[in-house]
Amino acid sequence: MLLVNGIRTFAEVPVGEFFFTNEWNPSAYGKSTYGILSLVASTFLVTIGAMIIAIPLGVGTAAYLAEVADSRLRRFLKPTIELLAAIPSVAVGFIGIVLVGPFLARVFGLDNGLTALNGSILLAIMSLPTIITVAEDAIRSVPNSFKEGSYALGSNKWTTLVRVVLPAAMSGIIAAIVLGMGRAIGETMTVLMATGNATEMPDSFFDPVRTMTATIAIELGEVPFGTTHYFSLFAVGAVLFLISLGVNLIAENLAARFRYKA
Amino acid sequence: MKPILQILFGCFLVLISWSCGGPSDVTNILIKGSDTEVNLALSLAETYMAKDEKVSIAVTGGGSGAGIAALINGKTEIANSSRAMKDEEIALAKERGVNPLGVVFAVDAVAVAVNGNSKVEELTIAQLGAIYRGDITNWKDVGGADMNISLYGRQSSSGTFVYFRDNILKADYAPSLKQMNGTAQIVEGLKADPAGIGYVGVGYVVQKDGSITEGIKLVRVKTDENALAYLPDKQENITSGNYPIVRPLFQYVNGKPSGELRNFMLYCLQDEGQKIVQEAGFYPVSQQYWAQNEQVLNFSYASSKTSK
């Protein structure tokens, strides 16, 4: 349905304009423009920022939980982390507007905190529980014989963890990262509230941005059925879907290369 | 296990039969649209439902664009809009078999607000347009400090967005405009941002006693360099026509209304309804819109209970 409705956009909008120009203004004063480049760039900026924060934190926490923490601490921390995942995205967006935004404005000397960085931090908070839970399961499922062999050869705990266990669990860790990334790409309410929704192409993390998901959410309420604007929103949705599909395929490919036949 | 299942099934049946069917002499009216008008519409709906038990009115926001789209899609009885319908929207409606007719039930002034600590006192309409088009980018060019102007506005589904664009900018907004989700978010943004400027309906920021919301400052607006600049906090500045950014608030319906729908819309125009309009921070319908209202609702201002 995404594709069928999305393709009907191109009856009126030239394909080149849609994919390669960066002005999204379907209800413009003058001529309507339908370029999604700045929307795609915004989505990527926010997602990659979120992953930069979440991947080291998430994999590190998972490794700590699986290998280093004693069982009492684990029994307490695991449910707490899973609780983070249960916070509704509106609440996280609200925290972004009220707490994180002004904090960022003070720290970096900006006029206001509604920027891509704000969105990235919030998305990292939302995708962390997913990454941690799946990665931790992957690390724990590494057979003990790997670790015993490494210790027998004289390595210490750190070397074993970084050189033996993590590479062995890599396919699971990649799966965790992809799941987290999927969550970040598709998140709508949080970015809608906390990133400022400016349609221009962002120059840096400190610019307000508008992601593809926010665009669909904002505009779908006001389009009459069957207009070019209506179809173009489906096209944006189709692009989003294809991006998620692409990310999943790449990750599947990477994961297959790391899989141990144990 | 079995008794529990029976009880649950029984509750399910009761729920189903309660939600469908029932007495059908209650008229349901759905009002959808402008966020500027939503609180006012809610007050009007509540007082009217208290007087007339045969009507059930549900009010939602979503922006003028959303309301108009719902009317065109046949999904609402009344579309609240803080802007007039565009020619393309009217044409699309007629194609779908909907005949949109508009009634003006209140008049609104749009205030221009800046951060409470800003040094800017007044702006001309031309300067406002240039600021929002992105032609003027630094506050020092209009009498403020040396800071880049930070623009706040609504989204394209908002009638206020469209009205401001079509009447003040007469061109497209600068792409650096931060499109906030509602008037509340604009006000919150302005309170925190020393270089911010935003536009909001007057009723939202000016209370009944004339006081203005804390943390922001309203800018005096003048039509050109030589005119007097007016602040929209006093009613006479607006009803006299001195404050330049004023617009009618519409209720659009499909064809001439009749029965309970017409009664409700008449109520909004009569003394009681207009009093509620004023308490919400808007202004009574000025005479230039009377002829349109009389035609759509088929009544006469002179002979009914409505006064000025």
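What follows is a short chat about the model.

Modeller: This is a predicted model, where local features need pLDDT of at least 70, side-chain atom pairs count only at pLDDT 80 or more, and totals for chains, interfaces and linings use all residues. Residues are numbered from 1 along each chain as its sequence is written, with chains lettered from A and ligands numbered from 1 in the order in which they are written.

Colleague: How many residues of chain B are in contact with chain A?
Modeller: 28 residues of chain B are in contact with 25 of chain A; contact means C-beta atoms, placed from the backbone, within 7 Å.

Colleague: And which element of chain B gives the most?
Modeller: That's H3(B), with four residues. Helices here are DSSP runs of H or I with at least four residues, and strands are E runs of at least two, numbered from the N terminus.

Colleague: New topic: is Gly180(A) buried or exposed, and why?
Modeller: Gly180(A) counts as buried because it has 28 C-beta neighbours inside 10 Å; the cut-off for buried is 20 or more other C-beta atoms within 10 Å, again placed from the backbone.

Colleague: Where is Gly180(A) found?
Modeller: In helix H9 of chain A, residues 170-186. Leaving aside neighbours within four places in sequence, Gly180(A) is in contact with residues including Ala54(A) and Ser127(A).

Colleague: What joins E3(B) to E11(B)?
Modeller: Four bridges, and the two strands run antiparallel. Ile78(B) stands opposite Val253(B) in E11(B).

Colleague: And how does E1(B) run relative to E3(B), parallel or antiparallel?
Modeller: Parallel, with three bridges.

Terms used. Contact = placed C-beta atoms within 7 Å. Buried ≥ 20, exposed ≤ 12 C-beta atoms within 10 Å, placed from the backbone. Pairing = 2+ DSSP bridges.
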